[in-house]
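Please walk through the model below, from the overall fold down to single residues.

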Amino acid sequence: MPQNLDAAAVRIWCALALEALGQEREEIDAINVYPIADGDTGTNLYLTVESAAQAVEAVFVAHETQAAGADGPAVADVMRSMAHGALIGARGNSGTILAQLLRGLAERIAAADDLIGGLRRAALLAREAVAHPVEGTILTVATAAADTARETPPDADATAVARAAYEGAKAALAATPGQLAVLGRAGVVDAGGRGLLTVLGALVKALSGEAPAPLASVRPAAPALTTGAPCADAGPAFEVIYLLEADDTAVARLRGRLDALGESLVIVGGDGLWNVHVHVDDAGAAVEAGVEAGRPYRIRITHFDPVADGDGAHGTDRDTAPPERTQRAVVVVLPGEGLADLCGAAGATTVLARPGEPPASGELVDAIRRAHAREVVLLPNSAELRHTAAAAVEQARGEGIRVALIPTRAAVQGIAALAVHEPERRFDEDVVAMTAAAGATRYAELAVAERQSWTSAGVCQAGDVLGLIDGDVAVIGTDVTATATAVLDRMLAAGGELVTLILGQDVPDAAEVGDQLERHVRDAYLAVDTVVYEGGRGSTPLLIGVE
C-alpha cells in the first residue's frame, strides 16, 4: 500500500470509501434526524462519492488511452477530478458539504502536496459554504480532524496524518449528541459526521492497508426516523438542488436571496460552477433565483412531506378526509417519457430518470406516497439505484407502507414484471410472479462510445455503436441496425419467446429501424414474437429484452 497520498492512493481511497459507504448506508440513514429526518444521509453520501469515484476512474482511463506506457496521472489532477465529480454529483446537505471538503483538500494537494493544510483548508471552505454553521454536525467533525492532524510531528507521513485526522474526527463525532439537542434526544451521533468518519477511515486504509478501529454501533434502539420525528418543528416542504454556472458576484447575491427564502443553505464550488442546496417552501422561487444568477441545470426538487401530518402544515385541510388507500400499486423508474406514458397507462406510478440524473431516495419515497396504496412494489430498473431504492423502501416501511423491492436492472425487466402484475393475488404471490418475470428477461442496450476505450469486445473508437448484453460490451459496430441485429442474434441463440424493443427518440429513422429488427426476428426465429415501443425523449438509443 502507498504511504503517501499519490494518484494511486487517491484512486484506492475512492474505491474503499464507496465500498464502505455502501456497507454502512443503512446505519447512517437510520440515524439521520438533522436538519431533516428524511433518512437519506447515508444514501446521499454514497451517491456523492460514487460520482467522485467515477470521475477519478475517468482520469485514469483517459490517461491510459492517451499516454500508453507513461507514468500515471498526477495526484493534483486526480484530486481535482475527485472534487469535481463530487461537486456535480452531490446529493443532500451532507453530500454537498462533503464535495466542498474535497475541493479544499484538492486545492492544497495541488498547490503544495500538503495533506495537513488540505484538511484545514477543507474544514474552512465547508464552513464558509454553509449559511448558518451549526456545531455538532459534519462541520464540527471536519474541524476536529484538521486540528488533530495539525498536531502530528513535522516529519509525519501521510499515513500518520490520516490516522490522526481519523481519531480526532471519531472523538468529535462521539461528542455530537451533547452539542446538538436533537441528537441527544434521539440517542444518536450526527449522520453527516458519521459519513465523513467513514470516508476518513477509507483514507487510512488506502494509505496503510489496515482499517482503523471503528466507532461503536450508532443505530438507535428504536428507529430515529418517524412521522413527526423529534428533530424540530415542521420545516420547509422542499429540498431544492441544482448546478449553477455563474460568477462569484452573482453567487454572493444568490446566497442572500436564498437565505431569506429558506434554511439549510449550502452553496459549494467555484471557478464558475456551483452546487446549490436549500430547503424552502417555495421551490419555484429558489429556482427562479438561480435563473437570475446564471444558468441552473440538473434541477432536483424533493418534497419532504407531501402527506398531511396532522397539523395542516404541508398537507390537506384537516377538515377534508383523505382519500382511501388502494390495496396495491406499482412504482416504476423509467429512462424515457414514452415508457413513462406506457407504464402510466398500465396503472403504475412512474418516476422519470433523466440522463445523468438518477432519482434521489426522496423522489422514490414521494412516488411511493403518491401511489397511495397499502402495498407497493418498487421496480428501480437500474443496478445503480440499488442503494437509493433500498433507502426509499426502508423509509416507506417506517411510515407503515408494505413495500417490496424487486431488483430490476433494466426497463425491459420492469416492463416484463409489470405485465404479469395482478393486484387480486396475494401480495407475496404477486411479488414472486413479478420477480420471476423480471429474472427471466435478459436485457441489452445500444450506446454510442464517447471516446476510444478498451472493452470486453475489443477497442472501440469515439462514435462507435456499442451493444451491451447484461451490462457488458458484446458487439462493437458503426450502424445501429447492424449492431442491434448482432446483439439480437447472440441473445436469441440461447432461446427466447418474446423480444421487446424500445427505441429512443434520437435514433435516426427510428420507425424504419424498428421495422427492420422486427422483420429480422420474424424471418430468422419463427417462434419468437416481437413488440416495439417508443422510449421517447431521454431514453437510450435502443433497449432490448428477451423473455
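How far apart are the mean positions of the positive and negative charges of the protein? In this predicted model, the mean positions of the 41 positive and the 74 negative charges are 3 Å apart.

The overall build comes next. The protein contains 18 helices and 16 strands. Its radius of gyration is 24 Å, close to the 24 Å given by the globule rule for 547 residues, so the protein is as compact as a globular protein of that length. Along the principal axes, the C-alpha atoms fill a box of roughly 75 × 70 × 45 Å. Of the 547 residues, 53% are buried.

One is helix α15, which spans residues 411-419. Since 8 of its 9 residues are buried, helix α15 is largely enclosed by the rest of the structure. The buried residues of α15 are Ala411, Val412, Gln413, Gly414, Ile415, Ala416, Ala417 and Leu418. An α-helix has 3.6 residues a turn, so residues three or four places apart point the same way.

The other is strand β16, residues 542-546, where 5 of 5 residues are buried. In a regular strand the side chains alternate between the two faces of the sheet. On one side of β16 lie Leu542, Ile544 and Val546, on the other Leu543 and Gly545, and all are buried, which leaves both faces covered.

Which strands pair with β16? Strand β9 (residues 442-448) runs antiparallel to β16 and is joined to it by 5 bridges. Within this pairing, Arg442 has Val546 of β16 as its bridge partner. Strand β14 (residues 498-504) also pairs with β16 in the antiparallel sense, over 5 bridges. Here Ile502 has Leu543 of β16 as its bridge partner.

Strand β4, residues 295-303, holds Tyr297. Tyr297 has a relative accessible area of 23% and is therefore partly exposed, the cut-off for buried being under 20%. Leaving aside neighbours within four places in sequence, Tyr297 is in contact with Tyr242, Leu243, Glu245 and Leu273. The C-alpha atoms of Tyr297 and Ile36 are separated by 24 Å, and the two residues are 261 residues apart along the chain.

Some details of the backbone remain. Most residues other than glycine have a negative phi, and most peptide bonds are trans. Which residues have a positive phi although they are not glycine? Arg298, which lies in strand β4, has a positive phi of about 50°. Arg298 counts as partly exposed, at 28% relative accessibility. Asp470 likewise has a positive phi of about 50° and is not a glycine. Asp470 is placed in the loop between β12 (465-469) and β13 (472-477), and at 37% relative accessibility counts as partly exposed.

The peptide bond between Tyr34 and Pro35 is cis, with omega about 0°. Pro35 lies in the loop between α1 (7-30) and α2 (41-66).

Technical notes: Residues numbered from 1 in each chain as written. Predicted model: local features only at pLDDT ≥ 70, side-chain atom pairs only at ≥ 80, totals over all residues. Heavy atoms only, no water. Helix = DSSP H or I, 4+ residues; strand = E, 2+ residues; numbered from the N terminus. Rg over C-alpha atoms; globule rule 2.2 N^0.38 Å. Buried < 20%, exposed > 50% of the residue type's maximum accessible area, 1.4 Å probe, protein only. Lys, Arg positive; Asp, Glu negative; His and termini not counted. Charge placed at Lys NZ, Arg CZ, Asp CG, Glu CD. Pairing = 2+ DSSP bridges. Contact = heavy atoms within 4.5 Å.
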